[in-house]
Structure formats: C-alpha cells, structure tokens
Amino acid sequence: MRWSEPRALVSKDLRELFGSTSYALLLLVAGPLTGLSFIAAVRNYTDASATTALASALSPLDGVLLPTFGAYDLLITFLVPFVAIRLLATEKSSGALRLLLQTPASLATQLGAKLLALIAGWIVALIPSAIALVLWRSYGGHLDPSETANLLLGLTLRYLLTCSIALAAAAAFANAASAAIAVLSFTIGTWAIDFFGAANSGWIATLARYTPAAMLRQFERGLLNADIVILTLAISLLLLTLAALILAPSKKQLIALAIGIALLFVRTHRSADLSEDRRNSFSPADERLLQSIDKPVDITLYLAAEDPRANDYERNVLTKLRRVVRDLRVAYPYGGRTLLFENDPRYGTIEYRIGAKHVVSRSTTEEIVLDELETLAGLTPPKRGEPAYPGYPLRAPPLHAATLFYAIWPLLVATAWLLCSRRTG
Amino acid sequence: MSEAAPLLRIEGVSVRRGGRLLLDDVSFSASRGEIAGVIGPNGAGKTTLFETIATRDRREILFYMPDGVRPWEDRRAGWCLDFFARLFGRERDGEAIDALQLAPLLGQRVRSLSKGEAKRLLLALALSTPQPLLLLDEPFDGLDFRQTRGAMELLRARAAAGRALVLSIHQLADATRVCDRFLLLDHGRVLAQGDLASLRARAGNGEASLEEVFLALE
C-alpha cells in the first residue's frame, strides 16, 4: 500500500469534517454547554465547601469533572451521530463513494480515514473541557490525573461507539435522514433497556449493564474495566465491518467479522480502581482476605430489583466483591417481582453460603457484610479505620469562565469555520 | 477495430430484478485500441450492463464512470482532479484538462458547475485513472457540439494510445461519429453487434443510419 492513499483520504475527510456546518455547530454548542455545566458545578462546589460536614468528603470527580464532562455525553448522544453520518452519507448520495470504491484504496482504509478524521474532530471538540480543567486548576482546584484520564477514556470509547453506529447506519440506509432516525432509535432503545433493567433481573438486567450509558457509568465511578474496553472496541469493529459488508462485501471482511465476534466473548475479569477515594474497592486488608477465599461464594438476595436496598447493595458491596472474590455467584430469586408488600418472611434477607456453611443477614452495610463473609470463610475480620481520602474543598468563584465559554469560544469557532469553509477545496 | 485479445469478455449475462428481466443472455467483449458503443433507448439495459460488468474484483482492469454523479460538491474542481490522481499515485492529467477546456473551471466549486461542465470534469477524472478499460455512461450528455467534438478527439487519442473505451450513448449521431463497434440493446436483449458496415448489411440497407439500422433490427 502506498502511503499517499491513506494520506489523501484522511486529508479529504478532515477537510470534509472541519468544513462542514454540522461539525461547526457541534463545536459552537460544545463551548457554552461545557461552560454552563462547569460554572454551575464550581458554584455548587463552593457552596458545598462552606459546609463543614460535606467539605471533608468533597471529590472533584463528582463535584466538577462529571458535571463538566456531562455536556459531552449530551453532544455524543444528540449531535455526533449527525456529524458522523454526514461524512459517509454525502459521499454515498453524491456518487463519490462509487468512484472511491474503484480506486486502489481499500474500503477498510476509507472507513479508517473517516474514523481518524472523526477522532481528530473529537480532540478539537475536547478543547472546551481542557479550558475548564485549566480554569479549575487556576482556581486552586485539585485534579487526580488517573481518574481524569479514565473519565476521558470512557467518553472517548462512547464517542467511538457512537461514530461506529452512525457509520454503519449511514452505510445501511439510503439517505442521511433515515440513518439519523435509526441511530436515535437505537439510543432510545438503550434508554428503555436501562430503565427496565434497573427494575428487573434476568436477561434485561444483564443487557442493561452493557448499554453505552451503563458502560460510561463505570468510568464515571473511576473504574477501568478491561472487559468493557474490549467489548466497546469489539462492537465498534463489528459495526465498521458491517458498514464495509453493506458497501462492498469481500472475504477479508469476514475475517474482521470473526475477530469482532470472538472479542465479544473475551472476559478478562480485570479492572483497576482509578478513583482517588478508592470507591470501588474495599480496604487492602479486606481485599487480601477476600482474595484468599478459594471456595465458591454464593449470595442469594431476597430483594426485588426495584427495592432501593438492592441498588445500594449492588453499588456499594457487589461491585466491589465482583472485583476481588474469585468465584462469586449471585442469585436474585425475587429480582423480577414486586414483593415489598407481600408477607414473605424471607423478603429483605441476604443469604451467604461458602461450602457447607451459611448465614442469613438483613444488612446491606459494607462493614457488616464483610464481617459476615470473612467469618463464614473462617477468617478474622481486620480492624478498619476511617477512610484516608482527605476531600478537596474549595471556595472559588468561576472567574473568566463565562467570558471564555460564552463569548470567546463561539467567536473563535465562527472565525475558524469561515476560514475553513473558504479554504476547503 | 483492434485484433488484440479482448481485455474483457462476458458471456451469457442475464440479470433479473424484482421479477423483471433487465438483461437477457448478453455477451460482449472489449479490446485495447477500440471504442465500443452500447446503444439503446432508455430502459434498454445499458446502465445495468455497465453496473453488472463493473464489479469490485475487476477494479484492476476497468474503471466505470456512472452518469448522474456529482462527487465532492463543496470542493473545487482542481482539488477533485488532484485528489483522484493522488489515489492512483499519479499527477493531474494536463492533456485531458486542456482538451476538455477545464482550466477556467479549476477554481470553481463542483456545486456551481453546469451540467456540461460537471460532465467534462467527470470525463477528466475517468481519464486520469490507470485502468486499461473505461466504461463511460453517457459521456457527452450535457456537452455542446464543440465540447462534444473535443471530448471525442480526446477519447480517440486515448484509444489510439492503447486503452479500451466502452461508451453508453443514447444519441445515435454521436455514437456513429466516435465508436468503432456497436452493441445494440433493446429491453435487455442484444439486437446485434459489430461495426456499422456489418450492422448495415444485417439490416439490408448499405446507406442506413445507425437509427435506421436499430429500427430495422428491433
């Protein structure tokens, strides 16, 4: 392969993207939207820092990063699909793709060039978030590099997945409007799965763990889950292969399809807790004890999925247990039913079983659950101190943010877009 | 007409879509140095034949320029020519630009080109490709008589240089002026093929125009 081909294609797609009105609008919206979230977050953070009880546990991840980057979740859901669809749909409808398919450049190179251009577009679109982070630091705010990078990785994977869905839809449908409707329908579908998955158990609850929003939530908690990363990349590869198969089928694409399908089933069960307050982990002493349990641990949760205790238990206990216990099996016999008002003596209990021993408890508190489990395994629970996380309170007004996000950024984008569209071609 | 081995030979091609027979047992060949014309009224199956021939596994030997495409509308014509040539590792085709009088249009966006100007740009794009066989769908559609003349001269020169050109044309007068050989198609069937003299002989009229030959044979 000559390098002139991919270079020419990437250069074309970059010009196409940066010269397009849809991308300019995305950039234009990105600034004020990020600014709005950032300014509100800094004000709320300042208010919370004034309260002694809250100040000691204040985390910039929850207080500033999540609201600020939340603007990007909106952009990815509602605007990015249109930008990505346009990149392929325009070439399809104008006939350019029919010409390109007859050139020596493979379809993989052509789709890869579009993806590269879209990634470049993502990097530029992240500038408002970079401005927000710089402002936050200039106010004296704290940032943990690992959890910030992890959140960024989660959003980037979500962006990649959305672009892949959009490109596959653009390949499958005759025009851009139909492709956009298909992508938005997919998004609404995943919201429905999220909604029903939260109140049910079984296959819908399992599926709900893998919706784009659910996958992003793990990164938002500071968790880097290798299986989620692999799954997102596998689905993206499959969608891009599907796009290629629709546009011009070839035997090579079947190999990519097979690799993508194989990756879907790869499970490493590896994850890293990158949150500074270690919110996804037990104390190191507890983790060492739990890792030493070599028998299967069975937990039966007699709680309806819609019961708030079930949610607390899932978030505060099971998420952490899954990361350290080698063989953990969880059953939800009442998961799909509403039993809150039924007269069942077992309702509200949690049964733990290790080998022949078992114990029943009603508590969903982390320390009590750990004591039950460790005692059941014949281990002595360690002494637990107060969490070491200091909290990072900060009382600072969001200086210069409004000017930067509401005035300078839109002005810069408008000027750059005018220059780009004049130079295009 | 060239005596060389055909670059492309298809035998007994039939295409059926939606219960309609679009091509019925069509056989055809194209050789270096010749310009072949696929002739027929609207709906005869000319475009279907081209699209059937122009499969991706033949992209090494042929390039197909469809009718009615207008690629990269937001770009300037000069950019399109440069970009397309770069994909083939080549330079812009200066001879084609001169012959098709494209130089004044290079700075214009494709969107702003007239039908004839866009058609000339497409012709230049097709001629800048290295494939030995070119399939051109309605290459003179939208061109005025001077531009048609210039385009025909250029196509003849390229055929003389060793390329094979297959043109789909519904203007029979244009076809007679530029093609060495004809494939007459009607309702997906081959009525006849050969040079004008042999077609006239089949029609039983040594002075007949291509139109009269077509009507006599259908």
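**Notes on a two-chain predicted model**

1. Let's start with one residue: Cys80(B) is found in helix α2 of chain B, residues 77-87. Helices here are DSSP runs of H or I with at least four residues, strands are runs of E with at least two, and both are numbered from the N terminus. Keep in mind that this is a predicted model, where local features need pLDDT of at least 70, side-chain atom pairs count only at pLDDT 80 or more, and totals for chains, interfaces and linings use all residues. On bookkeeping, residues are numbered from 1 along each chain as its sequence is written, chains are lettered from A and ligands numbered from 1 in the order in which they are written, and side-chain values use heavy atoms, with hydrogens and water left out.

2. Is Cys80(B) buried or exposed? Cys80(B) counts as buried because its relative accessibility is 0%; the label buried means under 20% relative accessible area, exposed means over 50%, and partly exposed lies in between (1.4 Å probe, protein chains only).

3. Who are its neighbours? Leaving aside residues up to four places away in sequence, Cys80(B) touches Pro71(B), Trp72(B), Arg75(B), Val110(B) and Leu125(B). Touching, or contact, means heavy atoms within 4.5 Å. Leu106(B) is 26 residues from Cys80(B) along the chain, yet their C-alpha atoms are separated by 9.0 Å.

4. Now for chain A as a whole. Chain A has 18 helices and six strands, and its C-alpha atoms fill a box of roughly 70 × 55 × 40 Å along the principal axes. Of its 425 residues, 48% count as buried. If you take contacts in chain A between residues at least 6 apart in sequence, 77% of them join residues at least 24 apart.

5. Chain A is split into domain 1 (4-272 + 392-424) and domain 2 (282-376); such bounds come from an automatic or database domain assignment. Ala199(A), Ser201(A) and Arg221(A) supply 50% of what domain 1 of chain A buries against domain 2 of chain A, more than any other three residues.

6. How many salt bridges lie between the two domains of chain A? The count is zero, where a salt bridge is a side-chain nitrogen of Lys or Arg within 4 Å of a carboxyl oxygen of Asp or Glu.

7. Last, the meeting of the chains. The contact takes 29 residues from chain A and 25 residues from chain B, and the two chains bury about 2300 Å², with 54% on carbon and sulfur atoms. The rule finds three salt bridges across this interface. In the salt bridge of Arg86(A) with Asp74(B), the closest N and O atoms are 3.7 Å apart. On the side of chain A that touches chain B, the elements giving two or more residues are α1 (4-18), α5 (80-94), α6 (96-100) and α18 (401-423) of chain A. The largest share, eight residues, comes from α1(A).

Key
Buried area = accessible area lost by both parts, 1.4 Å probe.
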